[in-house]
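Biologist: Here is a model to go through together. Shall we take it piece by piece?

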Amino acid sequence: MTADVSIRNATKVFGAFRALDDVSLDIAAGEFIVLLGPSGCGKTTLLSILGGFVEPTSGTIAIGGRDMTHVSPAKRPTTTMFQDYALFPHMCLRDNVGFGLRMRGMARAERHEKAFSYLDLVGLRASSAKKPHELSGGQRQRVALARALAVDPDVLLLDEPLGALDLKLRRQMQDELKAIQKRVGTTFVHVTHDQEEAMAIADRIVVMNKGRIEDVGTPASIYMRPRSLFSAGFMGEVNFLPAKMRGTAANEAEVETALGRVALPASAFVSGVPAAGRDVTLCIRPEHFRGAGASVPTVSLGRGRITGSAFFGTHHRCHVAADGTVLTAHLPQTDNPEVGTELDLRLKADSIVVLQDGAGV
Amino acid sequence: MRHLATALAALYAGLLYLFIFLPVVVLVLFSFQDGTLPVPPLNGLTLRWYEAVFSDGKLMAALGNSLAVAVVSSAIACLLGFLAAYAFARYTLPASALLRGLIVAPMTVSTLIIGLGLLSVLNLTGLRLSLVTVGIGHVVINLPLCFAIIYASMGGHQVNIERAARDLGARDWQVMLLVTAPMLLPSILAAFFLSVTFSWDEFIVAFLLSRFDVTLPVEIWSMLRSGLDPRTNAIGSVVFLISVAFLIVMELAVFRKTGKSS
């Protein structure tokens, strides 16, 4: 089963701390949403409010069109997958997965049948008689997923479920989570602080900071067209170049940076072209300092000198100094950048994003 | 030099164990005394004192009473201790630290004082002295212990597990019965068996709060008043044996469990 979720003006205040500050968000049925942000950004509070473990100070939550703001966790069409899995240590896997069904009064035989089918879904049917402590971290994770899905929730809430796994296993579980989500069609709301994980699994990412939503969109749109400085900085590496608006023309605007004047297409201004004289920030991804062929409109920031370089496998990460500004550039792995050599700081005009200082969504 | 130190340490350890176990060894040994005086010299070995003990209706009745009081009062103390521990561990209560201290405080009060206090209270309520009043007394003595043991084992890591159970639709009593209590079973069993062994050889409260039906320690005491007799040694050995049996059951039940769970 699946349902849409609607969060309206949710605010949560703990003493003097605003954990969640007037957050509104619509989630479509069957969507895989990732709440992304640093610790303390309010993402876990928002998840707890969706699960019913925390009541919002103000605002409303609706799931499938029904108001859920003051409904207890047990009576919500949601289940939560906890970070520490929270499996019942004294029960075998079959009983763990069947627990929610037992609470719903399902007869033993039917319950076991269903538990087995969900253990099958996560590939652990053969271990159904084992206790949680006999399993590896990844396996426990799968049991927690099966247990949460066994009661047919409309919305599954995942609280940093992959945090305790090592990198390789995490990648594997991300793929599995995504595949299972597509199969069952349940709405997934997943909390993480790992931006790569967010990009790997999300249909849409919600970037949060200081209790507010900074940005919402597909992984590509958030990475390529961030709508706030925080969002740009949190999703991967970025160079921020302060600038001042100069003149604006029909489809173009000119900005003055420390590296000279640059003409940018109007589409680079995510939140509209500001008036002349306003302070703005140019966001430039390090990998955009390459591949600017002659066939596309380009922007030049002059030349810079490589002051440091390290090989990262997929690219060389270089520090480039130009007119007192230090930029980070990712150069192709086949290049051989040497410290001291000069680099032409040229990039595609449409790869630059300009944000007004302090701009939010 | 080093050998000497080792030898001295071994000697010291030997003396220490001798000091602890000599009374018990003497008691058990002279329960087999072939003669009427349980004092050296050992005249020979016989089982006739055990036969006398096991065919003594009053002693056997007292033994049964003791077992019943121990098991029932310990079960009640564990239940009450568990509920109190659950409340303190899972809810924010006003003056929580003070209230917790008050529950544990009776442990520091002598059983004589508790017994006398209970005696006056029972007089006020008009409740007749019986095994029930002894049981009540033992619950009062053992509740702080049961509470302390169970409360100590309720950690924050179980909170999410209980939350998960609630999230899956369990009501509060289902969470306690199906999730919390089974998770805490090792410490609940430890509290139960410890409480049983304390109740099993508790004398003062049992003496003050009983009248016609008495527990074994009280019966042994009245036997002692008529002088030393190898029968007292025999029943003492039986008491010791049963205590050891409780402890072994506890070790098996508790430490095998905790050793396995992760």
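## Helices, sheet and contacts

Modeller: This is a predicted model. Start with a helix pair: in α2(A), A:L93, A:R94, A:V97, A:G98, A:L101 and A:R102 meet A:R111, A:H112, A:K114, A:A115, A:F116, A:Y118 and A:L119 of α3(A).

Biologist: Are α2(A) and α3(A) parallel, perpendicular or oblique to each other?

Modeller: Helix α2 of chain A spans residues 93-103, and helix α3 of chain A spans residues 108-121. They pack at an angle of about 120 degrees, with axes 8 Å apart. Perpendicular covers 65 to 115 degrees, and roughly antiparallel begins over 145. The two helices are therefore oblique.

Biologist: Which strands stand at the edges of the open sheet in chain A?

Modeller: Four strands form that sheet, and the pairing is antiparallel. Their order is β2-β1-β4-β5 in chain A. An edge strand has a single partner, so one side is left without a neighbour in the sheet. The edges are β2 (17-27) and β5 (66-67).

Biologist: Over how many bridges do β1 and β2 of chain A pair?

Modeller: Strands of a sheet pair through backbone hydrogen bonds. Strand β1 of chain A covers residues 5-14. A:V5 stands opposite A:I27 in β2(A). The antiparallel pairing of β1(A) with β2(A) runs over seven bridges.

Biologist: At what angle to β1(A) does helix α1 run?

Modeller: Helix α1 of chain A is made of residues 43-51. The helix lies across β1, β2 and β4 (58-63) of chain A. Relative to β1(A), α1 runs at about 120 degrees.

Biologist: Is A:N239 buried or exposed?

Modeller: A:N239 lies in strand β11 of chain A, residues 239-248. A residue needs 20 or more C-beta neighbours within 10 Å to be buried. A:N239 has 21 inside 10 Å, so A:N239 counts as buried.

Biologist: What separates the C-alpha atoms of A:N239 and A:L327?

Modeller: Along the chain the two residues are 88 residues apart. Yet A:N239 touches A:L327, as well as A:I284, A:P286 and A:T328. The C-alpha separation of A:N239 and A:L327 is 6.2 Å.

Biologist: Among contacts in chain A between residues at least 6 apart in sequence, what share joins residues at least 24 apart?

Modeller: Chain A has eight helices and 19 strands. Of its 361 residues, 43% are buried. The C-alpha atoms fill a box of roughly 75 × 45 × 40 Å along the principal axes. The share of those contacts joining residues at least 24 apart is 66%.

Biologist: How much of residues 63-250 of chain B is helix?

Modeller: UniProt, in an unreviewed entry, lists "domain: ABC transmembrane type-1" for residues 63-250 of chain B. Strand makes up 0% of that stretch, and its end C-alpha atoms are 20 Å apart. Helix accounts for 79%.

Biologist: Which helix gives the most to the side of chain B that touches chain A?

Modeller: In all, 16 residues of chain B are in contact with 18 residues of chain A. Helices α7 (157-167) and α8 (172-183) of chain B each supply at least two residues of that side of chain B. With seven residues, the one that gives the most is α7(B).

Definitions and conventions. Residues are numbered from 1 along each chain as its sequence is written. Chains are lettered from A and ligands numbered from 1 in the order in which they are written. This is a predicted model: local features need pLDDT of at least 70, side-chain atom pairs count only at pLDDT 80 or more; totals for chains, interfaces and linings use all residues. A residue is buried if 20 or more other C-beta atoms lie within 10 Å of its own, exposed if 12 or fewer, and partly exposed in between; C-beta atoms are placed from the backbone. Two residues are in contact if their C-beta atoms, placed from the backbone, lie within 7 Å. UniProt positions are given in the numbering used here, feature names are shortened, and annotations may be inferred rather than shown by experiment. Two strands pair if DSSP finds at least two bridges between them. Axes are lines fitted to C-alpha atoms, for helices over the stretch in contact, and angles run from 0 to 180 degrees between N-to-C directions. Angles under 35 degrees count as roughly parallel, over 145 as roughly antiparallel, 65 to 115 as roughly perpendicular and the rest as oblique. Lists of a residue's contacts leave out its neighbours within four places in sequence.
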